[in-house]
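Dear colleague,

Here is the structure I said I would pass on. Please open it before you read the notes under it.

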Amino acid sequence: MFYYCEKCADIKNTGAKAGQDVTCEVCGTAMKPVPQEYLMPGGSFFKSQAVRQQFISMIQSQETYDADIGGKKEELKEEAKAEEQRHIAEMNQKMQIIELEKRMKQNAVLRDKARAEEEFQEEKTKLDRALAMDVISRDEYNFKISIARKKVDNFEEIRKIEQQFDMGIITKEEKNAKIAALTQ
Ligand SMILES: [Zn+2]
């Protein structure tokens with residue numbers, strides 16, 4: 001269906017249904033359906049290029065026509081298109097930054113998990129040796145191993161607690177108490 005803008009004489013062929021609001025992309029004015037007398041019976045074409053030109057001249061001769069806007073219609077259309085492209089590029093860039101931050105955070109979590117596992121293995125090696133040498137009892141061994149295991153299982157929470165301490169949100173005593181609560 002063809003619509004026209006009486007302010008800038010832009011003509012648009014849209015799939016809009018009768019009664020639906022169509023806005024001029026050049027000047028934002030509400031568009032009106034092109035009268036059937038200018039169109040072929042199906043309404044999909046103007047009767048001819050000459051008739052189309054005649055219709056445009058008719059719009060331009062009305063008081064509602066704004067020659068300033070109508071004169072730079074193509075320029076305004078290009079500007080609107082360029083603005084849209086800029087907006088899309090900007091959105092894509094923002095999405096990429098968010099993705100990158102997410103990936104960096106995931107990598108940091110994986111790195112910390114690996115470090116927690118490593119620390120557990122070191123602690124276990126030390127305790128195994130102490131147990132073999134009878135320096136600690138089996139009960140002490142089990143208690144210490146259980147703490148070391150819980151440090152691995154709760155590494156994410158412990159990581160957050162350490163961040164809170166690093167940011168000066170909690171004191172060292174609070175940090176130790178919180179970690180102890182998670183591991184004992
Ligand atoms: Zn317009």
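Predicted model: local features only at pLDDT ≥ 70, side-chain atom pairs only at ≥ 80, totals over all residues.

Sheet. Three strands form an open sheet in the order β2-β1-β3, and the pairing is antiparallel. Its edge strands are β2 (11-13) and β3 (32-33), each of which pairs on one side only. Strand β1, residues 2-4, is joined to β2 by three bridges, and the two run antiparallel. If you want a place to start looking, Tyr-4 has Ile-11 in β2 as its bridge partner.

Helices α5 and α6. Helix α5 spans residues 155-166 and helix α6 spans residues 172-183; they pack at an angle of about 175°, with 9 Å between their axes. Angles over 145 degrees count as roughly antiparallel, so α5 and α6 are roughly antiparallel to each other. On the α5 side the contact is made by Glu-157, Ile-158, Ile-161 and Phe-165, and on the α6 side by Lys-172, Lys-175, Lys-178, Ile-179 and Leu-182. Sorted by class, this contact of α5 with α6 has five nonpolar and four charged residues, and no polar ones.

Helices α3 and α5. Helix α3 runs over residues 73-132, and its axis comes within 10 Å of that of α5, crossing at roughly 105°. That angle makes α3 roughly perpendicular to α5. Here Val-109, Asp-112, Lys-113 and Ala-116 of α3 meet Phe-155, Glu-156 and Arg-159 of α5. The residues in the contact of α3 with α5 are three nonpolar and four charged, again with no polar ones.

Lys-73. This residue lies in helix α3. Is Lys-73 exposed, partly exposed or buried? A residue is buried with 20 or more other C-beta atoms within 10 Å of its own, and exposed with 12 or fewer. Lys-73 has 17 C-beta neighbours inside 10 Å, so Lys-73 counts as partly exposed. Setting aside neighbours within four places in sequence, Lys-73 is in contact with Cys-8, Asp-10 and Val-26. Ser-61 sits twelve residues from Lys-73 along the chain, and their C-alpha atoms are 17 Å apart.

Regards

Notes. Residues numbered from 1 in each chain as written. Pairing = 2+ DSSP bridges. Helix = DSSP H or I, 4+ residues; strand = E, 2+ residues; numbered from the N terminus. Axes fitted to C-alpha atoms, helices over the stretch in contact; angles between N-to-C directions. Parallel < 35°, antiparallel > 145°, perpendicular 65-115°, else oblique. Contact = placed C-beta atoms within 7 Å. Nonpolar A, V, L, I, M, F, W, Y, C, P; charged D, E, K, R; others polar.
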